[in-house]
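User: Hi! I'm new to reading protein models. Could you walk me through this one?

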Amino acid sequence: DAEAGARVVADVFARTLREAAVAGEEGRGAVLGLATGSSPVPAYQELIRRHREEGLSFAGSRAFLLDEYVGLPAGHPQSYHRFIREQFTSHVDIDDAAVLSPDGAAADPRAEAAAYDMRIREAGGVDLQILGIGANGHIAFNEPSSSLASRTRVIGLTRRTVEDNARYFDSPQDVPVRALSQGLGTILEARRIVLTASGENKAEAVAQMLEGPISARWPATALQLHGDVTVVVDEAAASRLE
Ligand code: F6R
């Protein structure tokens, strides 16, 4: 269930933070890759609880968001920049300036995408990336047909993703149709990945991700190429596994 899953995901975070602290004699904290959406929220709540009650510290950590809507400035209520602060980072001891996301309001989104990819590399790469998965198998906003080697770029969202996102906006016309998103190749460079999913509507995507052939048709199948992925699902999301 959601609570047990959140504890498993939080354990992976805690391990990564511990390892960075041990390795970090030169002052390098963990580099965290963060996702928005509903899937990681229980894990973020568990991490906030551990920070408050058990002293789990994120001091010195930096964070990179997976994606951002094109056209939404950082302070927009539906921006991912704001979401991650409200749901997670402002409640723990990560320096706000160390929480980076692609700039959805950049005058040149393509240049911003390339610069963001470079910023991740310059930070030494991501130690732990948390992911959700879309019902169509997308990760970040890498929709079906995304190259498995893709880098951070501007992506047109599918009709299904726009419809799935509409619940967060006042009217369907307000839902952004493009996003800046880390590519599958970018995500695969994270040293450790934890993906979490719940609910029957994710069951097909989870089954394809774990048991289907690697294919751009189901972008999450790219994770089969990675050597350190933990998948945390509830029973409904696991229901189509063989
Ligand atoms: C969010 C993201 C998306 C979501 C996915 C699942 O930063 O990149 O890929 O992880 O759409 O969304 P939820 O968790 O809301 O079902």
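Analyst: Happy to! One definition to start: a residue is buried if 20 or more other C-beta atoms lie within 10 Å of its own, exposed if 12 or fewer, and partly exposed in between, with C-beta atoms placed from the backbone. By that count Glu19 is partly exposed, because 15 other C-beta atoms lie within 10 Å. This is a predicted model, where local features need pLDDT of at least 70 and side-chain atom pairs count only at pLDDT 80 or more, while totals for chains, interfaces and linings use all residues. Residues are numbered from 1 along each chain as its sequence is written.

User: Back up a bit: how many helices and strands are in the chain?

Analyst: The chain has seven helices and nine strands. Its radius of gyration is 17 Å, close to the 18 Å that the globule rule gives for 242 residues, so the chain is as compact as a globular protein of that length. That radius is taken over C-alpha atoms, and the globule rule is 2.2 Å times the number of residues to the power 0.38. Along the principal axes, the C-alpha atoms fill a box of roughly 45 × 45 × 35 Å.

User: What percentage of the residues are buried?

Analyst: Buried residues are 43% of the 242 in the chain.

User: Now the helices. At what angle do H1 and H2 pack?

Analyst: H1 (residues 2-23) and H2 (residues 41-54) pack at about 60°, with their axes 8 Å apart. Axes here are lines fitted to C-alpha atoms, for helices over the stretch in contact, and angles run from 0 to 180 degrees between N-to-C directions.

User: Which residues in H1 and H2 meet?

Analyst: On the H1 side they include Ala6, Val9 and Phe13, and on the H2 side Pro42, Leu47 and Arg50 are among them. Two residues are in contact if their C-beta atoms, placed from the backbone, lie within 7 Å. By class, this contact of H1 with H2 has eight nonpolar, two polar and four charged residues. For the classes, Ala, Val, Leu, Ile, Met, Phe, Trp, Tyr, Cys and Pro count as nonpolar, Asp, Glu, Lys and Arg as charged, and the others, Gly among them, as polar.

User: New topic: which residues come nearest to the ligand?

Analyst: Of the 14 residues around the ligand, Thr36, Gly37, Ser38, Ser39 and Gly132 come nearest. A residue is near a molecule or strand if its C-beta atom, placed from the backbone, lies within 6 Å of it. The shell around the ligand divides into six nonpolar, seven polar and one charged.

User: Last one: what about phi of Ala140 and Ser145?

Analyst: Ala140 has a positive phi of about 45° although it is not a glycine, and phi of Ser145 is also positive, near 90°. Ala140 lies in the loop between strand S5 (128-131) and strand S6 (153-156), and Ser145 is found in the loop between S5 and S6 too. Ala140 is buried, because 28 other C-beta atoms lie within 10 Å, whereas Ser145 counts as exposed with 10 C-beta neighbours inside 10 Å.

Notes: Helix = DSSP H or I, 4+ residues; strand = E, 2+ residues; numbered from the N terminus.
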